[in-house]
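Open the model in your viewer and get ready to select residues. Follow the stops in order.

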Amino acid sequence: MLDVLGDHPEAVEADLAHHYPDYGPGGPLAAYWRGEITLRWLRVLVEHLPPDGATARALNGNAWRQIDYAAADTRDLLSLLLTAFINANRDPKSGSPLPWPQPSWRPGDPVPDEAKADQDKARAKAAYEHILKQAKGE
């Protein structure tokens, strides 16, 4: 029985109760213990739990869903395209081209240094204020 629930039985139980409410109180796990479904059917339900549920989060060690990874990939691609466009259309006499952007952080990557994050925030604020002054004509 525990082989069906795997290494994270509480997450599996939560997913089963959430995604299969028609099995009554306690979900399919309770239905199995009541003799209403077979162990094979319980295994089938567990094996086909959605990829963004509690079980997947427990297995992956993070709460990122496929859409989160797709959004990070999209951001990275847009950053690359914008950098390529700016570099392709810059005046060759204006200096060196923009450096290629770093990829977005994803689970499993080292956590960025907080001091560097503070520096990045200060740089972003200075850039924002510079743009604001230009827009106001100062």
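**Stop one: the aromatic rings**

Select W33. At 60% relative accessibility, W33 counts as exposed, because exposed means over 50% relative accessible area, buried under 20% and partly exposed in between (1.4 Å probe, protein chains only). This is a predicted model: local features need pLDDT of at least 70, side-chain atom pairs count only at pLDDT 80 or more, and totals for chains, interfaces and linings use all residues. Residues are numbered from 1 along each chain as its sequence is written, and side-chain values use heavy atoms, with hydrogens and water left out.

How many aromatic pairs does the structure hold? There are four. Rings of Phe, Tyr and Trp (its six-membered ring) pair if their centres lie within 6.5 Å; planes under 30 degrees apart count as stacked, over 60 as edge-to-face and the rest as tilted.

Move to W64 and Y69. They also pair edge-to-face: 5.0 Å centre to centre, 65 degrees between the planes. W64 is partly exposed because its relative accessibility is 23%. Y69 is partly exposed too, at 26%.

**Stop two: a helix residue**

Select V44. You will find V44 in helix α4, residues 39-47. Helices are DSSP runs (H or I, at least four residues), numbered from the N terminus. Is V44 buried or exposed? V44 is buried, because its relative accessibility is 17%.

Finally, select V4. V4 and V44 are 40 residues apart in sequence. In space they are 9.1 Å apart, C-alpha to C-alpha.

Definitions and conventions. Helices (H or I, at least four residues) and strands (E, at least two) are DSSP runs, numbered from the N terminus.
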